[in-house]
Amino acid sequence: MSQATRSMADDPGPTVAARPIAQLPLAITVNGVERRLSVEPWVTLLDLLRDHLDLSGTKKGCDHGQCGACTVLIDGQRINACLKLAITLDGAEVTTIEGLGRPDALHPLQAAFIEHDAFQCGYCTPGQICSAVGLLAEGHATTREEVREMMSGNLCRCGAYTNIADAILDVMGGDE
Ligand code: FES
Ligand code: FES
């Protein structure tokens, strides 16, 4: 290698200064507690809950909006937390499975899931219950078929669908 070729190969080129990672302010209420945070703009609500707020009840399945394991309630509406950037939720109220009830004061759907044996491994269950809370608030489902259809965004790899529908219908007071 000639001297000229060697000096070109050794030249690292112009240096680019590393830019600091942007942290943006976020005020959000989670399970009734107001939180003031600084988050990177790419952090999803799911990662904010699990990694920043230690609320691991909300589960990560696909991380692509396909399984429903991450379902939470934002201002009362069910949503996939993996598809929502946290920074877009300034001023919002988020409810997770931890905020629905306590061991000594379960939400009616939590109690119904236990009563109807509506889970096996339980991984999908927080998302199923949060989704069911949203479903009941929407008020559109009146039959088993409608419950199954409107809960179809929540997958259960254990196949507990019949018992999940039983639990929801029990709370709804709908058909069996
Ligand atoms: S983890 Fe969000 S939909 Fe699967
Ligand atoms: S209870 Fe196991 S995935 Fe639903």
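**Domain spacing.** I started with the two domains: their centres, taken over C-alpha atoms, are separated by 21 Å. This is a predicted model, so I kept that in mind while reading off side-chain pairs. The bounds come from the domain assignment, which gives 24–100 for domain 1 and 108–172 for domain 2. I then looked up who takes part in the contact: 15 residues from domain 1 and 16 residues from domain 2.

**Buried area.** Domain 1 and domain 2 bury about 1,300 Å² between them, and 58% of that is on carbon and sulfur atoms. Which residues of domain 1 lose the most area to domain 2? I noted R78, I97 and L100, which together make up 43% of what the domain 1 side buries.

**Polar links.** R78 turned up again when I went through the charged pairs. The rule finds one salt bridge across the interface of domain 1 and domain 2. I also have E138 in a salt bridge with R78, with the closest N and O atoms 2.8 Å apart. For polar contacts between the two domains, I noted a count of eight residue pairs. On secondary structure, β3 (71–74) and α3 each supply at least two residues of the domain 1 side that touches domain 2. β3 gives the most to that side, with three residues.

**Helix α4.** I moved on to α4, residues 108–115. Its buried residues are L109, Q110, A112 and F113. Why do they sit on the same side of α4? They cover an arc of only 165 degrees around the axis, which puts them on the same side. I then checked what the buried residues of α4 pack against, and got α3 (97–100), α5 (125–138) and α7 (161–172).

**A111.** I also looked up A111, another residue of helix α4. Buried, partly exposed or exposed? A111 counts as partly exposed because its relative accessibility is 34%, between the 20% and 50% cut-offs.

**Positive phi.** After α4 comes D117, with a positive phi near 55 degrees. I placed D117 in the loop between α4 and α5. D54 lies in the loop between α2 (45–52) and β3. D54 is exposed, as its relative accessible area is 64% and the exposed class begins over 50%.

**N154.** Last entry: a loop residue. Where is N154? I found it in the loop between α6 (144–150) and α7. N154 counts as buried because its relative accessibility is 5%, against a cut-off of under 20%. Then I listed its contacts, leaving aside neighbours within four places in sequence. N154 is in contact with C67, G68 and T71, with G127, Q128 and S131, and with Y161.

Note on methods
Residues are numbered from 1 along each chain as its sequence is written. Chains are lettered from A and ligands numbered from 1 in the order in which they are written. This is a predicted model: local features need pLDDT of at least 70, side-chain atom pairs count only at pLDDT 80 or more; totals for chains, interfaces and linings use all residues. Side-chain values use heavy atoms; hydrogens and water are left out. Buried means under 20% relative accessible area, exposed over 50%, partly exposed in between (1.4 Å probe, protein chains only). Helices (H or I, at least four residues) and strands (E, at least two) are DSSP runs, numbered from the N terminus. The arc is that of the directions from the helix axis to the C-beta atoms. Contact means heavy atoms within 4.5 Å. Domain bounds come from an automatic or database domain assignment. Buried area is the accessible area (1.4 Å probe) that two parts lose on being put together, summed over both. A salt bridge is a side-chain nitrogen of Lys or Arg within 4 Å of a carboxyl oxygen of Asp or Glu. A polar contact is a pair of N or O atoms within 3.5 Å; within protein, one must be able to donate a hydrogen and the other to accept it, and residues adjacent in sequence count only if both atoms are side-chain atoms.
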